[in-house]
Each structure stands twice: as C-alpha cells, then as structure tokens.
Amino acid sequence: MTVVWLNGRLLSAEEARIDPADRGFTLGDGLFETIRVAGGTACHLDRHLARLADSAALLGLPLPHDAAALAAAEALIAAQGCVEGVLRITLTRGTGARGVLPPVDAVPTLLMTLAPAPPPAGPVEAVIARVTRRNEHSPLSRVKSLNYLDSILARQEAATRGAGEALLLNSAGRLAESSVANLFIVRDGRLLTPPVTEGALPGIRRALILERGDASEAPLSVADLLGAGEAFLTNSLGVRPLLRVDGQIIGAGTVGPVTAALLKDIAAE
C-alpha cells in the first residue's frame with residue numbers, strides 16, 4: 001500500500017484528497033522540494049526545509065506545522081519501508097476563490113510523497129535552449145515553484161533535437177542552469193558555477209560543493225562552457241557528467257577527474 005503524508009496525517013494514497021479549488025492546482029501557487037533518500041534517510045533534509053521556509057517567506061505563503069511536524073518525512077519513509085528513493089514535499093497556498101490575489105486567510109496544503117529511486121543518471125548530451133530563457137530578474141528564479149513550464153519547454157526542445165538535457169540562458173545571453181540542475185565547469189584549473197544573480201537556482205548540492213571551498217561563482221558564457229576541460233550538472237539526486245553541448249565535445253568527451261571524484265563522494269553519502 002502506498003502511503004503519503006498530507007496536512008499532518010499519514011494516509012493511504014487512495015484516502016488522500018486535494019481540493020479541486022487548491023491554488024497549487026489552479027494557479028501553480030506553491031513550492032516543492034525533491035530530496036534523495038539513501039539508506040532509509042532523507043539526505044540533507046534540514047537544508048531542504050530551510051530553503052522551503054525561505055521560499056515560502058518570499059512568496060508570503062504560510063508554512064503550516066512546525067519543524068518537528070515537517071520532520072515527519074522520516075515517519076513517512078519508515079511507514080513506506082523506503083531504503084532508496086525520492087521524497088517530494090509539495091506546499092501550496094491551499095484553496096481560494098477565483099482570481100489571482102491570494103486569500104488573506106489561506107490554509108496551506110502540505111503533501112509529502114515517496115517514489116522509487118531512479119536508475120543512476122549517466123553522462124548526458126545537452127543543447128542550448130532556443131525556445132525560452134531564464135529570467136534572472138524574477139524572484140521566482142530563486143525558488144522551486146510549482147510552475148516548471150520553462151523547464152518543460154526546454155526539455156521538450158532537447159528531446160526533439162536528440163539530446164537528453166537543455167541548458168537555459170538568462171536574459172543577457174549567459175548560462176544560468178539546465179532544465180533541472182545547476183551547471184558547473186572546470187576551466188583553467190578552476191571549478192566554476194553561475195551565480196544566483198545570473199538566474200541559477202540556489203541548489204542544495206550546489207551549496208555543498210561551494211562550501212567545500214574548491215569552487216567559486218562566476219558569470220559563464222557559452223564559449224566558457226565549450227572551452228571547458230569538463231562540465232557536469234548537479235541536483236539533489238546526484239551529479240551528471242555533461243559531455244557534449246550542441247554537438248560539440250566538452251574537454252576530452254569523457255568523465256573528468258573532478259566529476260568522477262564528486263560521483264564517488266555521493267555514492268558514499
């Protein structure tokens with residue numbers, strides 16, 4: 001039986017119900033976090049909850065339940081008997097009347113679900129998205145909102161062009177991130193990633209890499225990427241080597257030593 005956590009209760013998936021008037025469904029008025037489960041534990045749960053709280057504050061979205069209740073993620077993992085998987089936390093503003101302006105007395109919806117762990121993501125080829133760009137001027141570029149349509153458009157474009165991922169430029173034509181991950185390159189011996197001010201999501205794994213002290217933020221052009229010795233993509237589920245962009249090989253076209261070391265570190269988490 002599949003179990004979910006909805007508004008403070010563990011329920012079977014069959015019992016769980018989201019109101020059709022929920023603004024997360026009708027307007028995308030909400031947030032989510034995707035968290036790797038390894039060894040029966042939600043990895044870096046405290047960081048994900050902190051980002052969720054910061055994002056909710058930015059949107060003026062009430063965050064129901066206290067940290068102890070949110071940590072019921074562990075109870076869900078135990079109830080489902082999950083050892084390796086993916087935990088998703090979805091927070092919406094709850095129900096509301098028609099119209100864009102949120103209700104003053106919003107009662108949020110908080111849902112946690114588990115999914116099986118995906119197979120390890122191998123090396124990927126990407127394209128530079130042409131159909132859309134990342135708006136680095138919008139505060140939404142800094143949160144994981146329920147509106148992922150730019151990423152969907154970019155990934156659809158990648159599929160039609162025979163690639164597994166799409167890289168998004170910002171309004172200035174510089175690299176921001178991929179459709180679902182942060183971008184890192186190794187160039188002239190330096191490990192670099194686009195700053196949040198360039199439209200990059202403040203990713204959890206991105207922050208962990210930056211905190212190690214061997215990476216730094218810098219605006220990156222497409223030429224910087226194509227001239228890199230290696231490149232990779234990161235999100236909460238792992239690291240993915242980036243070997244080719246728009247048909248051009250990155251570095252030697254193989255998994256580089258920096259990427260390989262990160263893959264090893266994640267496997268040991």
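Two strands count as paired here if DSSP finds at least two bridges between them, and the strands themselves (E, at least two residues) are, like the helices (H or I, at least four), DSSP runs numbered from the N terminus. The model is predicted, so local features need pLDDT of at least 70 and side-chain atom pairs count only at pLDDT 80 or more, while totals for chains, interfaces and linings use all residues. Residues are numbered from 1 along each chain as its sequence is written, and side-chain values use heavy atoms, with hydrogens and water left out.

**The hairpin**

Select strand S10 (residues 182–187) and strand S11 (residues 190–193), which run antiparallel and are joined by three bridges. Together S10 and S11 form a hairpin with two residues between them, and in its turn Asp188 has a positive phi of about 50°. Arg187 stands opposite Arg190 in S11.

**The six-stranded sheet**

Next, show the open sheet of six strands, whose order is S2-S1-S6-S5-S3-S4, with antiparallel pairing. Strand S2 (9–12) and strand S4 (41–42) stand at the edges and have a single partner strand each, so one side of each is left without a neighbour in the sheet. Within this sheet, select strand S5 (residues 85–92) and strand S6 (residues 109–116), an antiparallel pair joined by eight bridges, where the bridge partner of Leu91 is Leu110 in S6.

Select H2, which lies across strand S3 (30–38), S4 and S5 and runs at about 175° to S3; axes are lines fitted to C-alpha atoms, for helices over the stretch in contact, and angles run from 0 to 180 degrees between N-to-C directions. To see the contact (heavy atoms within 4.5 Å), select Arg47, His48 and Arg51 in H2, which meet Ile204, Ala207, Leu208 and Glu211 in H6.

**The two domains**

Finally, colour domain 1 (3–116) and domain 2 (124–268), as the domain assignment of the protein gives them; such bounds come from an automatic or database domain assignment. The centres of domain 1 and domain 2, taken over C-alpha atoms, are separated by 26 Å, and 21 residues of domain 1 are in contact with 19 residues of domain 2.
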